[in-house]
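Here are my notes for you, point by point. Keep the structure open while you read, and look up each piece as we get to it.

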Amino acid sequence: MPTKVIRSPEGKERPRDAPWYTLYPRRWLTRTAGVVGRRWRTFRTDREARKSIVPNRSWHPWRLSLGRLLRVFAFLGTALLITWVMLKAFHPSWFETLSKNDAVNTLYSLTSPILTGAFLLAVFLLYWYHKAKKQLVKKARTKPHDLVPTAGTLVDRIVGRRELTQVIAQTLRDRRTRRPYLLVGGVGVGKTAVLVELTRMLAQQSAVPVPLRLRDMDGDGELDFEKMARRRFAEEADQGVFASGNIDKAWRQLRLDDKAVVIADGLEEALLDDRYREDRDNIIRRAIDRADRQNLPVVIASRPHAPLEGTRAAITALEPLSGEAALEYLVREPGQADERRLDWVVETAEVTDSPIYLRIARLLQQRGLLEHLTLREQNGRLNTRSNDCSTIRLWLIDTYRQAMENGLVCDQLVMDRKERRETLWVVSALACLGLVQDSIEVSFDDFVGAYLNDLRGPAGSREHPGEPAAGGGRDVLRPVVSPAQRQAIWSVLGRKVGESSSWTDPLEYPNECYTELARYAANAQLLGLVRGYENKVRFPHSIIQAYLGYRLLSEVEADGVAAVVEPALHSPGPSRELLIALVLLSRHRAEPPSPQPAVRPDQGRSRHLLRSRRTPPGLAGLLREAAANRHDAKYFDLYAAALEIDSVDPAPIQEELARDLDEQWADLDTKGDQRTVEDAKLGLVRRFGAALRERERRRGESGPLPGKAPARPHLPYERLFRIGTNETSHPVRTAIAHQLAAGGDAAFQSLRPWFPLGTDPVEQYLARTSEAKRKLNDDYTAWLEEANAGDAADPRAAAWRQQKHDRFVREYEQRRTTQWRHFALRAWLVPMFLGSVSDTYRDEAKERLNLWLGHLATPAGRTDALLPSAGPGEPDLPLSLENAMAQGFKNAANRRRRHPDVHEETRAHLMRQAERMLVSSRSWYAQLSLLHALCLWELPDTVGGAARPGAAEDRHRATTPAAGSAPDVSTAAGAPVEPVRTVTRWLAIGREHTRHRGGREGTRPSPRRGPPPVRRRSG
């Protein structure tokens, strides 16, 4: 058959003729245009992704209001008055003729005062009103940190909260949806940073934010947000230009215009006086209700406590930042820094829990001080080799302090190194005094005057037990500072500063002592460490106060540390900052995990430093004793600090601490706000897991001593597991599962004897459930027989029988609840352990997972390529345990690929098992969790969103069995795992199934749970 040549095929166009020498330029232009087009599309996509879900509109509500009517009246009356004056000036004859009319004269006499008032109102609106708010608005736009009284110098631009601030701003803008906002969060989660960003955003939207510090309220016992905001607005206005009447008029006009927004911080520090303690909750509720009735836009930041419940406010719990937001904050441009190291620092140091660490890390990164070195051989360089969160945090702040002493931070200040160093030591002494007396404010009289009274003898002492905190401490009563505590603080200060100064002897130079203390406080304020007031200083950053207090405690003799901190551990203390300082002290004095001496003789260390680097004796035991007989949230804080300190102690009592928690957890009657208690429990669980891992890490790094066999310490992971079975809070149990899974091989080995491999967990659960029901039936039968045989008319016997009935029913419910928590926790841990254990236990972990998934067999007659080992019969796995196992898959997927415990082969196996479970799942919640897990596995690790090159090839290699190895059961029947394709296919089939079910009118939907199973198609 002859070949037919088509000269002009349909839909095709012949390229135009061009000279041959333009071929390469045209190719270069085409490729350049392609690169530019891709970059432009990426830019537009990123720009749209950075935009908020709520448009950033201006604060100009177009609605009818009294403020707008006044403006219309002022400007219209001014226009009429100007017209009248111009007519009189340029047409006097016509004006004289018009004025002869009596009606015109009468109208003129009536309207002239009104027009004059309109003119004066227009002058006020156009000049005085804008002049009054100009300074405040300008400061809010350019320097919001200075306007917010609780913001310190380390509060930087907000990270990861922009959408939250925009939602709050636009919700406050609409009077129909406006309610008082409560930002609730723990210490260091970034509440003040959100308020700073909200202040700047509101000012840019033409609103007038008025930040307040609620601790500065009046002493009349009433909390009035509008009254405090009016006073703060008058303080920010220029008193030399405006009279008080004009300021009050400007404030009233702001309220009429609905542009005044009150931003209040520190609700937990308000009304702490003893005379308001009984009625404090009602005062706070009345203040919030009053603001709601007045329709006053107000945003309040507070720590969780009881008065917040039941108020007419929208409560927003502020969670810690995400790791992606923190990494994006540290890496401004991808590729300019070692993202792997920064990601490791973000994850290990948990900088998202306290944004101040994030800000310090960015400052160090900008100055090139965040280096990854094997040894800390260079001063001012940060070693990030340690796997301990507290150690990394200590090194972060310590490096920041060294950079401040060397002038690398706050370099614009004219202050030499000696002056900076002495300032830091003086502020450290003030911070240590604030820690032991549980106060964020320290007055010079408490620091100098009380010590001067101690030197003069008992007659000059003016200490009174239970003296109220003069500077706004966190509690109503502050602990008494003993002369021994003050003497220890002044001894260190005299040793560090007094060598070249005589002011450290207040007995000889009292006036000079006060003068020098004020000078050093002013220097510290310039460095951003404190805020200076008349005769006192305030620490705006609790973490900085804890670190400075730790610095002074580190110079105290090891035997004397307990005498300094022990009195501050009793009720109402200790403060959270004191516990942080003790944890930092333990990391400073902990010897390296090595059998060799920690300090070499040729390093030239002084004898005093060698003595001070010993671990303080019994510090964990001291915290354990202080936690005894406590029934508040600080019970958990004390045990958390004790576990963290004990993890680096050469003589640990970790087993005793874990036993105390295990035995007391179920019967502990904790009083106080339950949200605060839950946060304290979460902190304890995280510290418990970190302490166990730190003990295991130090054992692995130390190695055995010469001539001695290696001893593997027992890690009480089973105690933590039993605590999870007795805990009622779901978030706390989830945190326990995370900490157990993070333990890896050590946790798996510790829990293996509890769950023998030959036993079936589902059969165990069903058998124990049947046994509990059988026991309940036997008890109820015996109770009925006893009730029939007894005297029904005897009221005491009837009451006793009712108590017996309630008792065995309560025992049954408690037993069933404990059993369910036990097996739900095991279902969580099965896929999570598979993602964290090493090759030693990986095969056993896979076998355990297959044992659980075997109870999700598909019904008879249904085959699926994704599930080659599906058996007949309906699944017998309870739905609650199915949901728990799906949550375990999601938790296992929520790990970065670069995590040290993540292996590509394990990730691929978990993906296949997730698809296998997705096919047989009967619960919509389990299906949603598994789809979430598959999406998490596909997310990239790098900042910017693009997956690294070769990721798909790595997954293909990971799912392909190696030569000579047995094929995986879950991967033998299919192609490489593609989570995104699985999710897309599943959702598409679900939409198609829903459309077919809803296509006919009048037909009832099928009772089927979820979409049909996923079937692989050819090609």
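1. The protein has 37 helices and eight strands. Keep in mind that this is a predicted model. Buried residues account for 49% of its 1019 residues. If you take contacts between residues at least 6 apart in sequence, 76% of them join residues at least 24 apart.

2. Five strands make an open sheet, ordered 2-3-4-1-5, with parallel pairing. Strand 2 and strand 5 (314-317) are the edge strands, and each of them pairs on one side only. On average, neighbouring strands here are turned by 20 degrees against each other, direction ignored.

3. Now follow the pairing along this sheet. Strand 2 (residues 208-213) and strand 3 (residues 260-265) run parallel and are joined by six bridges. Val208 sits opposite Ala260 of strand 3. Strand 3 is also joined to strand 4 by four bridges, again running parallel, and there Val262 has Val298 of strand 4 as its bridge partner. As background, strands of a sheet pair through backbone hydrogen bonds, and they can do so parallel or antiparallel.

4. What packs on this sheet? Helix 7 (residues 191-204) does, touching strand 1, strand 2, strand 3 and strand 4. The direction of helix 7 makes about 165 degrees with that of strand 3. Helix 8 packs on the sheet too, touching strand 2, strand 3 and strand 4, and its direction makes about 105 degrees with that of strand 2.

5. How many residues of strand 2 are buried? Six of its six are, so to speak, tucked under cover. In a regular strand, side chains alternate between the two faces of the sheet. In strand 2 both faces are covered: Val208, Val210 and Leu212 are buried on one side, and Pro209, Pro211 and Arg213 are buried on the other.

6. Just past the helix, Asn295 takes a positive phi of about 55 degrees.

7. Three strands form an open sheet in the order 6-8-7, with antiparallel pairing. Strand 6 (441-443) and strand 7 (531-533) stand at the edges with a single partner strand each, so one side of each has no neighbour in the sheet. Three bridges link strand 6 to strand 8 (residues 536-538), and Val442 has Val537 of strand 8 as its bridge partner. Helix 16 (residues 444-456) lies across strand 6 and strand 8, at about 40 degrees to strand 6.

8. Finally, have a look inside. The elements that give two or more residues to its lining are helix 29 (745-751), helix 31 (795-834) and helix 32 (839-853).

How values were computed
Residues are numbered from 1 along each chain as its sequence is written. This is a predicted model: local features need pLDDT of at least 70, side-chain atom pairs count only at pLDDT 80 or more; totals for chains, interfaces and linings use all residues. Side-chain values use heavy atoms; hydrogens and water are left out. Buried means under 20% relative accessible area, exposed over 50%, partly exposed in between (1.4 Å probe, protein chains only). Two strands pair if DSSP finds at least two bridges between them. Contact means heavy atoms within 4.5 Å. Axes are lines fitted to C-alpha atoms, for helices over the stretch in contact, and angles run from 0 to 180 degrees between N-to-C directions.
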